Amino acid sequence: MRCPLNKRHLRELRHNLGRYIGIFALMAASIAMVAGFLAGASSIEKMFNEIPETYHTENGHFVTNDKIGRNAESALADIGVSVRENFSHDITTTIDDRQTNVRVFANRDGFNLPAIYEGRLPEAAGEIALDDTFLAKHSVKLGDTIRIEGKDFTIVGDVVLSDYTALFERNEDFVMNTLTFTVGLVTQESWNALKGDVTSYDYAYYVEGYDDLTTAERVDKQVDIAKALTNAGARVTDIVDMWSNQAFFYAGEDVTHDQAMFRVLFYLIIIVMAFIFVVLTSATIEEESAVIGTLLASGYNKGELLRHYLFLPAAVGIAACAVGNAVGYGLFITPFSGLYYNSYSFPPLTVRFDASIFVLTTVVPFVILMVVNAVGLALKLRCTPIQFLRHDTRRHRKAGKGLQLPERWGYIMRFRIRVFTRNISHFATLFAGILIASLLLIFGLGMQMVIEDYVQDMEDDLPAAYTYSLKAPLEIDASADKRAEYVLMNMMDTGNAGHSDEQMNVITSNLMGDVDDIHPANTGDIPDDVKAQAEKIAMGQVELAHKWGDLTETITVYGIQEGSRYWPDFDVSGGAVLAGQGLVAKCNVEVGSTYPFFDKYAGETHELTVSGLVGEPANTNLYMSLDTFNRVFDNEPDYFNGYVSDEELNLDDDYVASVLTVEDMRKIANQMDDSMGEMMDMVVYMAVVIYFIMMYLLTKTVIDRSARSISYMKVFGYRDREINKLYVRSITITVAVSLVVSLPIVIWAVCLFAEVVFMNYSGNFAINIPFWLMAESVAIGFATYLVVALFHVRAIKRVRLEEALKVQE
């Protein structure tokens, strides 16, 4: 590059300072927000995946009604399983004036190790370490004292337990509880001295070659563990694999889902950037047309000019990438990762560099900036010097008369229309930018409503006030003889094996089938009229491929009574299989078609034909008769594992896996809103920033390219206010019309976008955008533009009369 051209860089930067500041702000802000979030979330995900190895976390755990003996441990060793005692006391105490359940463990030695945030582990009697997330939400802190069973315990450690990354009190719970439940560690001597309201004989187990096992093989291993314990005289009340344990896997799964959403968001931002860069490149060439023509005529070749005009975009892009990454990694990681640390109990965060995030958030935007500018310049530089000097760089523009407008329209209207037609490409890009920014804005504003609609649909689909999931079949109307048989069975100490809710079909059918098909009889008193209104059901889980990508939808299968009072409109007679409406949106399910439903716990695929669609849009369940269910899943004819009832049933606690009520659905809504609310606020802020920068950059080009015309009008005596009516108001009308006209496309795009974002989540989140939300989006967009318009009014005032004196041939 020749030296004289270098002298023009600062002059060009000063002349187009607002434009380059806009490019810088758009790139830097987008990179900072998205890189900060993704870097934090990715680091958490990597750290979470390393927890099992770093902290020697259990492969699973089982609970027995008492300590197991050496015979049981030996039997487990024979099948490649080792165990460690992980006993706990559940003790109710008062913290911050709330009744709180503290689950107290003894210090672990070599398994399920804790991560220490502050302080230390208990070393003496009267010392306790509590969960970090719980402490953050309460006023108690290190050095404070809490009272447990009449004794004072000093908090000496702020820790997280590797097997409790989410504070689920029970694995069957639908939501976490960070307010009235926590876990803690004490010394072994202190634990022995405590009695506990409930003592759990929990054993952490480790399986040789666990990481190489498939899901079905892990289920088989659990069955083997339960059988080995039962044959050794132990009674198993629960058994859960680590990847079915919500206290462990739930938090990591949430982080993974959210990353996918933000990646899709940034793809949209990249599209906006590409549109803006195209317009700005065209505007730069048009403004510099005479200069380019002069330089070409003076002997500069096209390669030199190409490098010259790429210099400032490259310099601004590099600066934006550097600042964006510095702000994202230096300032935003902590608050964004705090969105997760406020809810989950992760070990301390160590930020990891992720090359894929750097490429997405930094390399891709910079490459787009350079490629768009290079291609635009290269195409324009094919024009001749005389074309540049005449500002005739539209290579395919046809000669002819200008647009003829009716005289009756009046001067002002015709002038505004000509402003619009002369800048049609700029306004088309503005329309596209408004569309995408509106998409982000409505998506962010509408998420709470979407969650509420989802939960309301789930509530409407609840068949009864109580839905009980059982660990094993439990008869509530057993005869006296059946009860006697069950008592005899217990006296023989054959026991039963519990299991996680997801695995009830496989484990229960294997274990309970060995006892002469005798179902346990409920020992609690239930009135006859309550028994009469309850219905037996069976529940299981299968998977079906999503209509997009390689993901699968986890589907709950219900086996219900034919002519059920709780599903009166569901005709499951004759082997019919009914699908929830949500499966149409998630998996393209159609009536009359056959689909392969995969049971990962049994490793089997079931070809089922959908006979009809039922339920609300959020419903992604399958329904069939109880007889069909047992035939499909190869169960005993009288197998069941649940009840639905409008009255509460007094069932034996040992057999109840979970109870689903309307109140539980509200808790789910509150937790989803808590975990996603701040994130959606961030999306709204991002949309407003994009609105502002995009509107400023694109509308500024209209004012800049009209500078000579504005100067002429000032020479002819037009006041600034009159010029504003012609130019700024033309832009204002275009923005207002674009905000309204784009709404149908935005609504369609929001539904499509939400479908992509929520593809990773279980259930179908139907999108219904009310009129008031559309109005709010338009109001925010227009208010943002009004701020931009103030800058344009100021710019028009600064247009000098000398512009009209410049010669243009």
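Predicted model: local features only at pLDDT ≥ 70, side-chain atom pairs only at ≥ 80, totals over all residues.
Residues are numbered from 1 along each chain as its sequence is written, and side-chain values use heavy atoms, with hydrogens and water left out.

The interior was examined through its nonpolar cores, a core being a set of buried Ala, Val, Leu, Ile, Met, Phe, Trp, Tyr and Cys residues joined through side-chain atoms within 4.5 Å. Here buried denotes under 20% relative accessible area, exposed over 50%, and partly exposed the range in between, with a 1.4 Å probe and protein chains only. The largest nonpolar core holds 171 residues, of which F62, F262, F346, F443, M694 and Y727 touch the most other members. When residues up to four places away in sequence are not counted, F443 touches M261, M680, V683, F753, A754, V757 and F758 (contact: heavy atoms within 4.5 Å). In soluble globular proteins, nonpolar side chains tend to be buried together.

Salt bridges were assigned where a side-chain nitrogen of Lys or Arg lies within 4 Å of a carboxyl oxygen of Asp or Glu. The count by this rule is 12. In one of them, K46 pairs with D354, with 3.6 Å between the closest N and O atoms. This pair joins distant parts of the chain, since K46 belongs to helix α3 (residues 17–54) and D354 to the loop between α10 (302–341) and α11 (355–380), 308 residues apart. Helices (H or I, at least four residues) and strands (E, at least two) are DSSP runs numbered from the N terminus. K46 is partly exposed at 29% relative accessible area, whereas D354 is buried at 13%. A network of salt bridges also links R120, E123 and E127.

Helix α21 (residues 707–715) has A707, I710, S711, M713 and K714 buried. These residues lie on the same side of α21 because they cover an arc of only 160° around the axis, the arc being that of the directions from the helix axis to the C-beta atoms. Just after α21, G717 adopts a positive phi of about 100°. K714, buried at 15% relative accessible area, forms a salt bridge with D720 (3.6 Å, N to O); D720 is partly exposed at 27%. R719 forms a salt bridge with E722, the closest N and O atoms being 3.8 Å apart.

In contrast to these pairs, D254 in helix α8 (residues 246–287) is buried yet has no salt bridge, and the nearest side chain of opposite charge, K137, is 12 Å away. For this assignment, Lys and Arg count as positive and Asp and Glu as negative, while His and the chain ends are not counted. The D254 side chain does make a polar contact with the side chain of Y344 at 2.7 Å (a pair of N or O atoms within 3.5 Å; within protein, one must be able to donate a hydrogen and the other to accept it, and residues adjacent in sequence count only if both atoms are side-chain atoms).
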